[in-house]
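Subject: Structure for you to look at

Hi,

Here is the structure I promised to pass on.

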Amino acid sequence: MSENVGFIGLGAMGAPMAQNLIAAGFALKVHNRTAQKADPLVARGAQLAQHPQDAVTPGGIAVTMLADDRALEAVAMGERSIARRLAHGGVHISMSTISPHTARAVAEDHQRHGCAYVAAPVFGRPEAAAARKLWIVASGSQAAKDRVRPILDAMGQGVFDLGERPEAAHVAKLAGNFLIASAIEAMGEAFALVEKSGVERTAFAELMARTIFACPLYQAYAPKIALHQYTPAGFRLPLGLKDVQLAIQTAGEARVPMPIAGVLRDRFLAALAKGRDEMDWSAIALGASEDAGLK
């Protein structure tokens, strides 16, 4: 491919996404705070950059998949930012789950440097990223989205376009993660109910996932929650808390009451207070079992 692509952030999601870009024929420069995580990509032809801005070229394309707002701001803005390096004609594809406020601020900063910001957060766990089965939500200028569409197509199974406002895709991502966390909490409560009433958790999980909740979300999470399989983590508990808090913050700015989000926040806080930082975010379901007096 002719585009110069830099990929920054090679965590559980970023690494398989970058691998798919290499498989699609894109020449990559990659950067990660822990450089050793780039070794498998370098072995497949990627170039390793020592600093984030070194991964991108003027007028090229940068892809970021970072943990939170602070990590994105550190890379995307400031004296040694990727925006300054991209400059006129460059495009930044921001695939992290961040606040709409941060998205607007980064997009405005990019505009001052002559480059474009495309929001493109994803739905899917690391195994979906590896299989190129992510669902991608995009927003930003139409010209920039058209340019980066082949890159997005190489990482996912479908792209949903939510218009030109840079924050739109991030709002949708936060709302979607709120729905996922709500379903996890609901499963935890329902499974605790059937278990304490003498019904096998796994049998009930299979019933739901094959009948009235025969959808990817329940099919992926129900068996793990039924068996309390919360490691290894596909999406760690602290990140789940971060996303719920961002949803609550966004709801406050929009004057939208979200009482269930408050329950979820407390579930995440309780789980982290018990030292479950390295567990999958679905481990909030343990709270319902513990409240019911179950081991």
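This is a predicted model: local features need pLDDT of at least 70, side-chain atom pairs count only at pLDDT 80 or more; totals for chains, interfaces and linings use all residues.

**Helix 8 and its partners**

I would start with helix 8, which spans residues 168–196. Its axis comes within 10 Å of that of helix 10 (residues 216–226), and the two cross at roughly 40°. An angle from 35 to 65 degrees falls between the roughly parallel and roughly perpendicular classes, so helix 8 and helix 10 are oblique to each other. Helix 8 passes helix 10 in a right-handed crossing. On the helix 8 side, the contact uses Ile 180, Ala 183, Ile 184, Met 187, Gly 188 and Phe 191. Facing them from helix 10 are Leu 217, Tyr 218, Tyr 221, Ala 222, Ile 225 and Ala 226. By type, the residues in this contact of helix 8 with helix 10 come out as 11 nonpolar and 1 polar, with no charged ones.

Helix 8 also packs against helix 9 (residues 201–210), at an angle of about 130° and with the axes 9 Å apart. Helix 8 and helix 9 are therefore oblique to each other, and their crossing is right-handed. Helix 8 brings Ala 190, Phe 191, Ala 192, Val 194 and Glu 195 to this contact, while helix 9 brings Arg 201, Phe 204 and Ala 205. The contact of helix 8 with helix 9 divides into 6 nonpolar and 2 charged residues, with no polar ones.

At 0% relative accessibility, Ala 181 counts as buried. Setting aside residues up to four places away in sequence, Ala 181 touches Val 244, Leu 264, Phe 268, Trp 281 and Ile 284.

**Helices 11 and 12**

Helix 11 (residues 237–254) and helix 12 (residues 259–273) pack at an angle of about 155°, with their axes 9 Å apart. Helix 11 and helix 12 are therefore roughly antiparallel to each other, and the crossing is left-handed. The residues of the contact of helix 11 with helix 12 divide into 11 nonpolar, 3 polar and 1 charged.

Which polar contacts does the side chain of Ser 139 make? One is with the backbone oxygen of Pro 166, at 3.3 Å from a polar atom of that side chain. Another is with the backbone nitrogen of Ala 169, at 3.1 Å. Ser 139 sits in the loop between strand 8 (134–138) and helix 7 (142–153), and is buried, with a relative accessible area of 0%. Beyond its neighbours within four places in sequence, Ser 139 is in contact with residues including Tyr 117, Lys 145, Leu 162 and Glu 167.

Thr 97 is in the loop between strand 5 (91–94) and helix 5 (100–113). With a relative accessible area of 12%, Thr 97 is buried. Among the residues Thr 97 touches are Asp 69, Lys 173, Asn 177, Lys 242 and Asp 243.

**Backbone details**

- The peptide bond from Thr 231 to Pro 232 is cis, with omega near -5°; Pro 232 belongs to the loop between helix 10 and helix 11.
- Ala 87 has a positive phi, near 55°, without being a glycine. Ala 87 lies in the loop between helix 4 (82–86) and strand 5 and is partly exposed, at 22% relative accessible area.
- Arg 132, also not a glycine, has a positive phi of about 60°. Arg 132 is found in the loop between helix 6 (126–130) and strand 8, and at 43% relative accessibility counts as partly exposed.

Terms used:
Residues are numbered from 1 along each chain as its sequence is written. Side-chain values use heavy atoms; hydrogens and water are left out. Axes are lines fitted to C-alpha atoms, for helices over the stretch in contact, and angles run from 0 to 180 degrees between N-to-C directions. Helices (H or I, at least four residues) and strands (E, at least two) are DSSP runs, numbered from the N terminus. Angles under 35 degrees count as roughly parallel, over 145 as roughly antiparallel, 65 to 115 as roughly perpendicular and the rest as oblique. A crossing is left-handed if the near helix is turned anticlockwise from the far one by less than a right angle, and right-handed if clockwise. Contact means heavy atoms within 4.5 Å. Ala, Val, Leu, Ile, Met, Phe, Trp, Tyr, Cys and Pro count as nonpolar, Asp, Glu, Lys and Arg as charged, and the others, Gly among them, as polar. Buried means under 20% relative accessible area, exposed over 50%, partly exposed in between (1.4 Å probe, protein chains only). A polar contact is a pair of N or O atoms within 3.5 Å; within protein, one must be able to donate a hydrogen and the other to accept it, and residues adjacent in sequence count only if both atoms are side-chain atoms.
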